[in-house]
Amino acid sequence: MHVKKGDKVKVITGKDKGKSGVIVRALPKENKVVIDGVAIAKRHMKAHAGKVGQIVERPRPIDASNVTLVERAKSK
């Protein structure tokens, strides 16, 4: 993969085209990345064990070929 966790990237195709963010998680076996604030999906959670039902928003993985590198993560 050409990107890794911590890199700043920009989405070049799909419904989130033009958005940018930092990679939160990289999935090299699937060739996918999870970017903070991009590809947000809503999940409806049922109430259980005294908790209230709610709608949770979280980023979903997108293909690594749909992003381009803007800035590398600083290495230690």
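Two strands are taken to pair if DSSP finds at least two bridges between them; strands (E, at least two residues) and helices (H or I, at least four residues) are DSSP runs, numbered from the N terminus. The structure is a predicted model, in which local features need pLDDT of at least 70 and side-chain atom pairs count only at pLDDT 80 or more, whereas totals for chains, interfaces and linings use all residues. Residues are numbered from 1 along each chain as its sequence is written, and side-chain values use heavy atoms, with hydrogens and water left out.

Strand β2 (residues 20–27) and strand β3 (residues 32–35) run antiparallel and are joined by four bridges. Within this pair, alanine 26 lies opposite valine 33 of β3. Both strands belong to an open sheet of five strands, in the order β6-β3-β2-β1-β7, with antiparallel pairing. The edges of the sheet are formed by β6 (62–63) and β7 (67–71), each of which pairs on one side only. In general, the strands of a sheet pair through backbone hydrogen bonds, either parallel or antiparallel.

Most residues other than glycine have a negative phi. With buried defined as under 20% relative accessible area, exposed as over 50% and partly exposed as in between (1.4 Å probe, protein chains only), alanine 39 is buried because its relative accessible area is 12%. Alanine 49 is exposed, its relative accessible area being 78%.
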